[in-house]
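Hi everyone, thanks for coming along. I'd like to walk you through one model this morning, so please have a look at the screen.

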Amino acid sequence: MTVDEEATGAVLNRLRRAQGQLNGVIAMIEAGRDCKDVVTQLAAVSRALDRAGFKIVASGMRQCLATADGDTPPMSEAELEKLFLTLA
């Protein structure tokens, strides 16, 4: 199973945002910025990664639910649950 075309753009945007924010965190630490500022920026990185992950899981769920021909879904409910818990 792959990330569907509808979700790919959003996932990549969120991952790129997280990448840029992480570069900002690294620069802040190297510059000796205040700990509170660093943690705030790091929380933004975490949210961007979580949102990308949830979009990927939602894409997988959509593909599983769209399987209407009676075949076994490409991803089981247990596998989807495991993906969600991985993000927790």
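Let me start with a question: leaving aside its neighbours within four places in sequence, which residues is Ala 18 in contact with? The answer is Val 45, Ala 48 and Leu 49, where contact means heavy atoms within 4.5 Å.

A quick word on ground rules. What you see is a predicted model, where local features need pLDDT of at least 70 and side-chain atom pairs count only at pLDDT 80 or more, while totals for chains, interfaces and linings use all residues. Residues are numbered from 1 along each chain as its sequence is written, and side-chain values use heavy atoms, with hydrogens and water left out.

Now the overall picture. The protein has three helices and zero strands, following the pattern α-α-α along the sequence. Helices here are DSSP runs (H or I, at least four residues) and strands are E runs of at least two, numbered from the N terminus. Of the 88 residues, 23% count as buried; buried means under 20% relative accessible area, exposed over 50%, and partly exposed in between, with a 1.4 Å probe and protein chains only. Among contacts between residues at least 6 apart in sequence, 63% join residues at least 24 apart.

Back to Ala 18, then. This residue belongs to the largest nonpolar core, along with Val 25, Met 28, Val 38, Val 45 and Ala 48, six residues in all. A nonpolar core is a set of buried Ala, Val, Leu, Ile, Met, Phe, Trp, Tyr and Cys residues joined through side-chain atoms within 4.5 Å.

Let's move to Arg 14, which sits in helix H1 (residues 5-30). Setting aside neighbours within four places in sequence, Arg 14 is in contact with Ala 48, Arg 51, Ala 52 and Lys 55. A polar atom of the Arg 14 side chain also lies 3.1 Å from the backbone oxygen of Arg 51.

Beyond neighbours within four places in sequence, Ala 52 is in contact with Val 11, Arg 14 and Leu 15. Ala 52 and Arg 17 are 35 residues apart in sequence, and their C-alpha atoms are 9.9 Å apart in space.

Further along helix H2 we find Ser 59, which is buried, since its relative accessible area is 0%. Again leaving aside neighbours within four places in sequence, Ser 59 is in contact with Thr 2, Val 3, Asp 4 and Ala 7.

Leu 49, also in helix H2, counts as partly exposed because its relative accessibility is 41%.

Finally, the charges. Side chains of opposite charge can pair when their charged atoms come close. How many salt bridges does the structure hold? There is one, counting a side-chain nitrogen of Lys or Arg within 4 Å of a carboxyl oxygen of Asp or Glu. The partners are Asp 37 and Arg 33, at 3.4 Å from N to O. Asp 37 is partly exposed because its relative accessibility is 33%, and Arg 33 is partly exposed as well, with a relative accessible area of 45%.

That's my tour, and I'm happy to take questions.

Conventions: A polar contact is a pair of N or O atoms within 3.5 Å; within protein, one must be able to donate a hydrogen and the other to accept it, and residues adjacent in sequence count only if both atoms are side-chain atoms.
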